[in-house]
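User: I would like to learn how to read the features of a protein model, one at a time. Could we go through this one together?

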Amino acid sequence: MIGTDRGLVLGKIAVALEQALARRHMRGEAGRTAPRTIARGDGWAVADVLCTSGPQDRAFEERHEHYAIAMVLAGSFQYRSPLGAALMTSGSLMLGNPGQPYECGHEHAEGDRCVVFWYEPDYFEGVAGAGFRVPRLPPVRPLAPLVASAGAGVLSAADTPWEDLAVRLAIETAGLAARQSPAQRVVPRNAEARVTRAVREIDRRPDADLSLRRLAQGSGLSPYHFLRTFERLTGVTPHQYILRARLRDAAARLATASRKIINVALDSGFGDVSNFNRAFRAEFGLSPRAYRASVVPDRGAATSQGSPRSLSES
């Protein structure tokens, strides 16, 4: 059962996705993708995209009209493009180049929610250079502050400097993607389904006691094979994934609730506040108190409006 505080924190992201899935089942509707434009400017746009598709729905087939960077905030899905195939999980980034076809499917679980940044080719290449050669970046530390900022922008009514975030994201993502190996690792579909179940369990309760042995047992694999398969599919170890899920949860709590720092630490699964402070500063570059101060106050009307109609990809 989701507690009151956890419901408050996740209400606009994960719980909103759960409610959309419940409505879809109640009405007997097919899964669909619902984008909501958050901000736009000259050559860029940002959208909050909620998808209610599941294993019973056909994979979504489309073509990237622009450079695309999609931050996964909740859920998971399979992504395929000429760049390769990847399992997209919370905290990871889906990458796309203009003109490339792609497919998104939910073979093992229902629904996802992303913040998607679209860039006109001239705009993106002017700030970040060449396009992508890998389909995904995993949840890694250099991207954590950007994912947290975008998540806070969706969660709260406070203005977010979306163009600054879009530029920083393009530069950081292009640099990290250029250092990634394009080699593909083939993993059996049944193993992907097992890892997806483990990822969903972590995302539902990042504060729970989720040991490697427990996750491996739930997946029907030995700890050794579960560790190797999980890292191949997600790009990080189970320990790293759990830690970053807890830190994202803590960042959301700090941005949307007024609880004391020690309560945020304990509610997010950390045993003591000193370890939490060290881990949070290492991930986000700020102490929890400084992070809260940076995202809670009104930061002014930094959102730019009125970009070209061409940036309306959905």
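Analyst: Let us begin with a loop: Ser 258 lies in the loop between α9 and α10 (261-267), where helices (H or I, at least four residues) and strands (E, at least two) are DSSP runs numbered from the N terminus. This is a predicted model, in which local features need pLDDT of at least 70 and side-chain atom pairs count only at pLDDT 80 or more, while totals for chains, interfaces and linings use all residues. Residues are numbered from 1 along each chain as its sequence is written, and side-chain values use heavy atoms, with hydrogens and water left out.

User: Is Ser 258 buried or exposed?

Analyst: Buried means under 20% relative accessible area, exposed over 50%, and partly exposed in between (1.4 Å probe, protein chains only). Ser 258 counts as exposed because its relative accessibility is 72%. Ser 258 and Arg 292 are 34 residues apart in sequence, and their C-alpha atoms are 9.3 Å apart in space.

User: How are α9 and α11 oriented to each other?

Analyst: Axes are lines fitted to C-alpha atoms, for helices over the stretch in contact, and angles run from 0 to 180 degrees between N-to-C directions. Angles under 35 degrees count as roughly parallel, over 145 as roughly antiparallel, 65 to 115 as roughly perpendicular and the rest as oblique. The axes of α9 (residues 238-256) and α11 (residues 273-284) come within 11 Å and cross at roughly 90 degrees, and the two helices are therefore roughly perpendicular.

User: Which strands form the open sheet, and in what order?

Analyst: Strands of a sheet pair through backbone hydrogen bonds, either parallel or antiparallel. Two strands pair if DSSP finds at least two bridges between them. Here 4 strands form an open sheet in the order β3-β8-β5-β6, with antiparallel pairing. β3 (60-63) and β6 (84-88) stand at the edges with a single partner strand each, so one side of each has no neighbour in the sheet. Strands β5 (residues 77-81) and β8 (residues 101-105) run antiparallel and are joined by 3 bridges, and Tyr 79 stands opposite Cys 104 in β8.

User: Which residues touch the most other members of the largest nonpolar core?

Analyst: In soluble globular proteins, nonpolar side chains tend to be buried together. A nonpolar core is a set of buried Ala, Val, Leu, Ile, Met, Phe, Trp, Tyr and Cys residues joined through side-chain atoms within 4.5 Å. The largest core has 41 residues, of which Leu 93, Phe 117, Tyr 119, Phe 124 and Trp 162 touch the most other members. Its largest share, 8 residues, comes from α5. A second, separate core of 19 residues includes Ala 198, Val 199, Ile 202 and Phe 230.
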